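Have the model open and follow along.

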Amino acid sequence: MNNIEDIRTFYARLMAANADSLDPRLEEVFASVPREAFLGPGPWTVIAGNVRLMTPSADPAHIYQNVLVALDADKGINNGEPFLHAMWIGKLAPKPGETVTHIGAGTGYYTALLSRLVSPGGSVTAFELDKNLADLARENLEAYRNTTVVHGDAVTTSLPPSDIVYVNAGVVAPPAGWLKALRPGGRMIFPWRPAERVPLAMLVTRTEKGFACDPFMRAWFIPCFGASLADLAAKIPTREEATRSRSIWLTSDKAPDRTATAIFGDVWFSSKNLGTKPGI
């Protein structure tokens with residue numbers, strides 16, 4: 001018989017090692033939040049490349065590894081790659097007392113991890129556009145008292161002031177409202193997909209000088225409804241231009257200049273490092 005506690009403990013150790021985080025609580029929360037509680041009854045469909053495989057049984061041992069688990073196979077919605085999320089959460093470094101907005105919460109697994117990391121005193125507001133997933137997330141997160149699930153469109157809805165905005169759907173650019181929601185020192189991580197050939201993960205930090213950004217890895221997520229298509233006037237970056245982006249600006253604050261790597265209406269990206277002189 002499998003000892004699920006031992007399996008979950010080793011899984012958590014793997015997640016923390018991959019995240020390369022200095023926060024020992026990351027391993028603790030991966031060990032304490034049961035992934036199977038957010039996946040529905042097994043057996044489960046796991047995804048490996050373009051292949052879907054059914055687990056041999058409903059034994060949760062099968063899903064304590066770095067595998068995608070389908071939530072809605074027809075829509076291409078899955079539970080996410082644990083290694084990737086561990087790394088992203090480690091980069092954001094959530095602290096007790098912070099306020100998090102989670103966009104694209106699915107059934108709430110990573111929402112639960114975030115809620116534990118900002119406890120005590122912190123809270124998580126989780127947006128999910130799909131009603132069925134939102135209902136499941138609300139049910140799954142009932143025991144996580146510092147979370148609120150919103151069935152709604154985070155693109156058109158005003159976000160609460162946030163220390164962290166965690167985005168799990170691909171956008172051509174973050175809506176201006178997401179940037180404005182960041183408190184001083186706030187961090188946002190999102191899948192930047194300005195073009196089919198340019199899937200990047202972007203970390204944004206609100207500094208005194210503006211929004212610093214770092215495209216730190218390749219990442220692909222399903223498109224974010226309402227924020228995944230560029231208009232005809234947009235400046236679409238090449239992959240090289242996208243990777244040179246070091247800051248994000250609101251057009252209302254500053255017009256695009258010669259450092260622009262990408263322009264999308266209210267928001268544009270620049271090669272300017274906020275700690276350097278213009279153009280460098």
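Helices here are DSSP runs of H or I with at least four residues, strands are E runs of at least two, and both are numbered from the N terminus. Keep in mind that this is a predicted model.

## Cis peptide bonds

Start with Gly42 and Pro43: a cis peptide bond joins them, with omega at about 0 degrees. As for where Pro43 sits, look in the loop between helix 2 (25-32) and strand 1 (45-48).

Now go to Ser119 and Pro120, where the peptide bond is also cis and omega is near -5 degrees. Pro120 belongs to the loop between helix 4 (109-117) and strand 6 (123-128).

## Positive phi outside glycine

Asp20 isn't a glycine, yet its phi is positive, about 55 degrees. You'll find Asp20 in the loop between helix 1 (4-19) and helix 2. Is Asp20 buried or exposed? Asp20 is exposed, because its relative accessible area is 69% and the cut-off for that is over 50%.

Ala93 is another non-glycine residue with a positive phi, this one near 50 degrees. Its loop runs between helix 3 (82-92) and strand 5 (99-103). With a relative accessible area of 33%, Ala93 counts as partly exposed.

## The cavity

How many cavities of 30 Å³ or more are there? The count is one, and the largest cavity holds about 30 Å³ of space.

Ala93 turns up again here, lining the largest cavity along with Ser21, Asp23, Leu26, Ile89, Gly90, Pro94 and Leu117. By class, that lining has five nonpolar, two polar and one charged residues.

Key:
Residues are numbered from 1 along each chain as its sequence is written. This is a predicted model: local features need pLDDT of at least 70, side-chain atom pairs count only at pLDDT 80 or more; totals for chains, interfaces and linings use all residues. Side-chain values use heavy atoms; hydrogens and water are left out. On a 1 Å grid over the protein atoms alone, a cavity is a set of points where a 1.4 Å probe fits but cannot get out, and a pocket is an open set with protein on both sides within 12 Å along at least five of seven lines; lining residues have an atom within 4 Å of a point. Grid points are joined across faces, edges and corners, and a volume is the space filled by probe spheres set on the points. Ala, Val, Leu, Ile, Met, Phe, Trp, Tyr, Cys and Pro count as nonpolar, Asp, Glu, Lys and Arg as charged, and the others, Gly among them, as polar. Buried means under 20% relative accessible area, exposed over 50%, partly exposed in between (1.4 Å probe, protein chains only).
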